[in-house]
Amino acid sequence: YQFLYYFPLKVLLREMVSNAVDATQKLKTLAAQGDFKGEIGDTTVRVSLDEKAGTLTISDHGIGMTEEEIDKYINQIAFSGVTDFLDKYKENANAIIGHFGLGFYSSFMVASKVEIITKSYKEGSKAVKWSCDGSPAFEIEDADKAERGSDIILHIADDCKEFLQKNKIEELLNKYCKFMAVPVAFGKKTEWKDGKNVETDEDNIINNVEPLWTKAPSTLKDEDYKKFYHTLYPMQDDPLFWIHLNMDYPFNLKGILYFPKINMEYESIEGTIKLYNNQVFIADNIKEVIPEFLMLLKGVIDCPDLPLNVSRSALQNDGFVKKISDYITKKVADKLSGMCKTDRENYEKYWDDISPFIKFGCIKDEKFCERMMEYVLFKDLDGKYTTMNEYLEAQKPADGEAETDKAEEKTEEKADEKADGEEKEVPKTTIYYVTDVVQQSQYINMFREQKMNAVVLKDNIDNPFISHLEAKNEKVKFQRIDADVTDSMKEEVSEEELKGETDALTALFRKALNNDKLEVKVEKLKNVNVSSMVTLSEENRRMQDMMKMYNMYGMDPSMFGTTTTLVLNANNALVKYLFENPEGEHSNMICEQLYDLAMISHQPLSPEAMTKFVNRSNEIMMLLTK
């Protein structure tokens with residue numbers, strides 16, 4: 001029985017119940033075709049435990065078997081009765097699950113002995129009992145069974161007694177059989193009576209034979225979708241919205257994908273998409289079917305056409321699977337783009353939650369990116385959502401020249417100066433962005449003073465996403481607002497005019513901070529209240545972010561260029577004082593304070609630096625009181 005290697009122990013019960021469901025579905029098909037004219041009656045599959053006898057029994061009222069069929073389908077390993085049945089009733093068969101003829105033999109993984117008591121639906125059939133202890137030998141004898149169908153009795157082995165535990169069986173049934181197409185009962189329902197739970201006469205049906213994805217979307221309401229979501233994920237908040245998949249050609253696929261509301265601070269952003277085959281649970285998040293970026297979603301996909309392997313725990317390598325994956329991707333893109341065009345208000349309301357899905361998808365899937373690029377939103381400093389094209393259009397001034405236009409003109413001039421035959425640079429429009437509206441508030445205020453705007457990009461996915469956008473659109477570049485001091489924020493003064501201040505203040509700050517590599521730049525900023533700022537080039541910042549992403553902490557960021565630049569405002573009174581009094585009593589302390597003030601607006605101070613900053617601030621306030 002080397003083939004049993006392919007069966008995970010946990011799916012044993014699924015295989016046994018699936019066989020019982022198949023037997024019932026076959027009977028329904030025969031009745032529909034007129035090949036069975038009797039009463040179908042109760043079709044419930046029953047799972048029952050007898051702890052005293054040490055047995056687990058799966059019973060059905062399906063087609064049953066004759067002695068000849070037992071010899072053909074049970075005594076011959078990997079000979080599936082489903083294959084013969086589908087060959088004959090291919091066009092009209094109900095949802096038949098099994099195909100390999102190996103599921104029954106998985107019972108020997110937990111049973112020291114297996115018995116089948118069965119009676120065929122065929123008129124005049126007699127009941128038969130088959131028994132085997134797992135060896136090549138078996139016994140067949142007449143049995144006493146009045147009704148059609150089969151009882152599979154597993155005598156649980158001593159080392160597998162967990163399969164005699166009610167909680168264990170309930171767990172497996174709820175996971176693997178929760179939506180099978182035939183009612184599955186496990187014991188009886190209980191009710192609270194006289195201070196204890198008492199069994200009733202009503203079957204405890206553990207499954208829903210008509211799950212939501214099998215129904216027409218037009219018949220469902222929002223509350224139906226939410227209720228089903230909470231059936232799948234009991235402790236979750238309501239989903240944002242959902243996509244109902246319903247396709248019959250060129251393959252059969254149904255399902256519901258939910259966009260969950262994610263608490264980015266406390267929860268993993270990975271969702272759980274449950275994969276079913278004819279309402280039988282197969283696995284969570286099979287990557288060949290579910291595109292990687294859609295693993296963030298939750299929900300259900302049911303595809304009877306999936307080419308599963310023997311254990312049904314993985315897919316066979318098949319180009320057909322890629323078509324299914326592409327279809328799912330297209331439907332998600334259609335839903336999102338359609339919402340943006342026809343329900344923009346809700347699309348904006350959901351954007352902060354769904355943006356990680358979309359941005360990740362744009363990076364990972366070229367076709368998804370093409371479909372979604374025009375519907376990616378950016379939130380500006382005023383909290384307004386715009387697409388990139390809308391944002392760029394809004395940045396164009398009604399009259400006069402924008403800074404980006406000047407930058408483009410300079411780029412064009414440089415390009416014209418190049419020798420003929422050389423490739424010319426494409427003029428780029430800069431989109432400024434903010435990653436932390438609190439920490440970077442000083443820079444934001446300076447932008448607002450100049451009537452400039454920026455977009456807020458605060459998620460981890462944003463850094464690779466903007467690099468992806470730049471690669472897709474060579475006319476656009478992204479730059480964080482503290483990457484440089486823009487021309488509109490400073491007076492037009494040549495570097496030569498400020499050379500004296502720059503040299504003197506560079507020497508002063510390097511000495512005070514004991515850092516001879518500190519880069520200092522002096523500018524005349526229009527806002528005289530701003531004393532100092534720190535800038536870090538966009539290229540260096542992205543390099544540092546990449547180093548963090550790949551845990552390259554041992555490398556020195558300075559090897560890729562200057563880490564930061566301290567910008568001093570020559571129009572500020574404190575900076576003027578330092579320039580005029582480099583040897584003043586408190587010059588070193590003022591240098592340290594200005595540097596820390598600049599850094600605080602740039603990034604968090606280290607614990608040690610913050611302690612020094614607080615102590616120094618107290619000292620400065622004490623000096624003011626004297």
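Visitor: At what angle do α13 and helix α15 pack?
Guide: This is a predicted model, in which local features need pLDDT of at least 70, side-chain atom pairs count only at pLDDT 80 or more, and totals for chains, interfaces and linings use all residues. Residues are numbered from 1 along each chain as its sequence is written, and side-chain values use heavy atoms, without hydrogens and water. Helices (DSSP H or I, at least four residues) and strands (E, at least two) are numbered from the N terminus. With axes 10 Å apart, α13 and α15 (residues 573-580) pack at about 85°.

Visitor: How is α13 oriented to α15?
Guide: Axes are lines fitted to C-alpha atoms, for helices over the stretch in contact, with angles from 0 to 180 degrees between N-to-C directions. Angles under 35 degrees count as roughly parallel, over 145 as roughly antiparallel, 65 to 115 as roughly perpendicular, and the rest as oblique. The angle here is about 85°, so α13 and α15 are roughly perpendicular.

Visitor: Which residues of α15 make the contact with α13?
Guide: Contact means heavy atoms within 4.5 Å. From α13 come Gly 500, Glu 501, Ala 504, Leu 505, Leu 508 and Phe 509. Their partners in α15 are Val 575, Leu 578 and Phe 579.

Visitor: How do the residues of that contact divide by class?
Guide: Ala, Val, Leu, Ile, Met, Phe, Trp, Tyr, Cys and Pro count as nonpolar, Asp, Glu, Lys and Arg as charged, and the others, Gly among them, as polar. On that basis, the contact of α13 with α15 has seven nonpolar, one polar and one charged.

Visitor: How far apart in space are Glu 501 and Lys 576?
Guide: Glu 501 sits in α13. Leaving aside residues up to four places away in sequence, Glu 501 touches Val 522 and Phe 579. Glu 501 and Lys 576 are 75 residues apart in sequence, yet C-alpha to C-alpha the spacing is 9.1 Å.

Visitor: Which residues of α16 meet α13?
Guide: The axes of α13 (residues 499-512) and α16 come within 9 Å and cross at roughly 90°. That makes this pair roughly perpendicular. On the α13 side are Leu 508, Phe 509 and Ala 512, and across from them in α16 are Asn 588, Cys 591, Glu 592 and Leu 594.

Visitor: How are α16 and α17 oriented to each other?
Guide: The axes of α16 (residues 587-600) and α17 (residues 607-625) come within 10 Å. They cross at roughly 130°. The two helices are therefore oblique.

Visitor: How many charged residues are in the contact of α16 with α17?
Guide: Met 589, Glu 592, Gln 593, Asp 596, Leu 597 and Ile 600 of α16 take part. Among the α17 residues they meet are Phe 613, Arg 616, Glu 619 and Leu 623. By class, this contact has seven nonpolar residues and two polar ones, while the charged residues number four.

Visitor: What do the buried residues of α11 pack against?
Guide: Buried means under 20% relative accessible area, exposed over 50%, and partly exposed in between (1.4 Å probe, protein chains only). In α11 (residues 441-449), Tyr 443, Ile 444, Met 446 and Phe 447 are buried. They lie on the same side of α11, because they cover an arc (taken from the directions from the helix axis to the C-beta atoms) of only 160°. They pack against β16 (429-434), β20 (532-535) and α16.

Visitor: Is Lys 451 buried or exposed?
Guide: Lys 451 is in the loop between α11 and β17 (455-456). Its phi is near 60°, positive although the residue is not glycine. At 76% relative accessibility, Lys 451 is exposed.

Visitor: What is the relative accessible area of Asn 278?
Guide: Asn 278 also has a positive phi, near 55°. Its place is in the loop between β11 (273-277) and β12 (280-284). Asn 278 is buried, with a relative accessible area of 16%.

Visitor: Which residues are exposed on the other side of α5?
Guide: The buried residues of α5 (residues 222-232) are Tyr 225, Phe 228, Tyr 229 and Leu 232. They cover an arc of only 105°, so they are on the same side of α5. Among the elements covering them are β9 (241-247) and β11. Exposed on the other side are Glu 223 and Lys 227.
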